[in-house]
Amino acid sequence: MKKTVLLVFLLVGMAAIAQKANDTIPKAEISKTMQSVNINGRTIYLTAQAGTFEVRDENNEPIALMGHTYYAKGEDKRSSSSRRRPIVFAYNGGPGSSSFWLHMGALGPKRIVVNDPITTPAAPYKIMNNNYSILDVADLVMIDPVGTGLSIPVGKAKFKDFWGVDQDIRSLSLFITQFLIAHDRMNSPKYLLGESYGTFRNAGVMNKLLNQGIAMNGVIMISAVFDLRTLLFPPNDDLPYIVHFPTYAATAWYHDKIADKQEDVYTFLDMIRNFTENEYAPALFKGDQMTPSEKEEMASKLATYTGTSEAFWLKADLKVTASEFFAEFLRDKGEIVGRLDARFTGINQDLLAQEGSHDPQSNAISPAYITGFLDYLHRTLKVNKKLTYTITAGRREGFKWDWSHKGNNRWGTQAAINTGIDMAEALSKDPNMKVLVLNGIYDLATVFYGVEHSINHMGLRKEIKDNITMEYYEAGHMMYTHEPSLVKFKNDISEFIKATSN
């Protein structure tokens, strides 16, 4: 009898401790407002829910409060017709970036107007109705990964549990699954939309969700990267130099540094692709086996196509990194070009610098986007002003990304982190899944030729590769800052969703 009583007291005590632990976990907090957007003369009324959503792990334990904004057409009645409406889960990249760029630049009901491609003056900023929103064809969930926005770990979880390639894929997949269930949207047409690192994430999430029985109707990749070798410049690897070269040439075309340049930039880039594949790449492959005359001839062509000097390419041994190009390209004018968008230029304070000191595009638009969004978040969406919105996880102490990825362990190496492998697996398993890739031709952060190379080396069967559509824009990484590109951006995404949601 005494043992039974003792056991009862023990169980009651443990339950009390567990309840106390649960009581210390902060609760999800949502602000619900009614919003509207006018698209092509038609007003669409929206229920907006902004705040946090509790994410649980595989054992149903709370691990995070995930910040997000959810726009649903009409009131949140969860009718059968609303469940048939497409839903898009969207995020930016970084890794460690919150999602306000896409939110206020292209997708949401309001957009911030910037003076593309020059610096936007300080406040007051222009926040206006977004006639180019996708909310006429789909509902929208803007997601901030843990460490960004309002998203924080809870319970026993730590920030490091979310900061890594696989950790990030897992947490976003958990959020999407649980969100679909919570809002009765599991049977809706479903889409992922990511920008920059968000496309690297997309490739992993689309495969993970498919393996868990949740198939995407479509995946939208904006300014994509799948193979990190195309961004980095490791020793003895020619690939990044090769895939960056067409964007160097496009930059020279834009800034009128090509003699007798062709009127159409895409015709020019076709010529540059041909040169890169058939002359530049084989030359780099030869290494020091090139003769001096061959090297000088190649340097001369590289200089002609990029508006730089032959001496520059010879000193670089025919291999120029992106940062070296930023500093050199407009050195004679005392300027540098933008990494995110080479149409933007800025002052170069060190004319002897080998590398670019800053990104003029980022400096030109960031204050407008950050200030405008925070005003919109708290004043219009009515999010609690006591909640701090973190623009980037890089501001948090101890931020460090784990770049290992189990999807690359097939050959027992982590030499090249590449989620294109995950994307190829998902597309091959589900021959109905479609992918839309949007590329800015003046983007020096995630170069379009690198995306083409990655897709061409996924080993896809033709009928599967045909499920990937490539579109190009005469702008940079955030092509939507350029209004003519924003018009095309909206049309391309809307048509993609309409074609794949039935």
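**Exercise 1. Strand β9.** State how many residues of strand β9 are buried, and which way they point.

Solution. Helices (H or I, at least four residues) and strands (E, at least two) are DSSP runs, numbered from the N terminus. Buried means under 20% relative accessible area, exposed over 50%, and partly exposed in between, with a 1.4 Å probe and protein chains only. Strand β9 covers residues 190–195, and six of its six residues are buried. K190, L192 and G194 point one way from β9, while Y191, L193 and E195 point the other way. In a regular strand the side chains alternate between the two faces of the sheet.

The model is predicted: local features need pLDDT of at least 70, side-chain atom pairs count only at pLDDT 80 or more, and totals for chains, interfaces and linings use all residues. Residues are numbered from 1 along each chain as its sequence is written, and side-chain values use heavy atoms, with hydrogens and water left out.

**Exercise 2. Neighbours of β9.** Find the strands that pair with β9.

Solution. Two strands pair if DSSP finds at least two bridges between them. Strand β4 (residues 87–91) pairs with β9 in the parallel sense over five bridges, and Y91 stands opposite G194. Strand β10 (residues 218–222) also pairs with β9 in the parallel sense over five bridges; here E195 stands opposite I222.

**Exercise 3. Two aromatic pairs.** Classify the pair F175 and F179 and the pair Y191 and F496.

Solution. Rings of Phe, Tyr and Trp (its six-membered ring) pair if their centres lie within 6.5 Å; planes under 30 degrees apart count as stacked, over 60 as edge-to-face and the rest as tilted. The count comes to 30 aromatic pairs. F175 and F179 lie 5.5 Å centre to centre with 35 degrees between the planes, a tilted pair. They are four residues apart in α4, separated by about one helical turn. Y191 and F496 lie 6.3 Å centre to centre with 70 degrees between the planes, an edge-to-face pair. Y191 is in β9 and F496 in helix α15 (residues 483–500), 305 residues apart.
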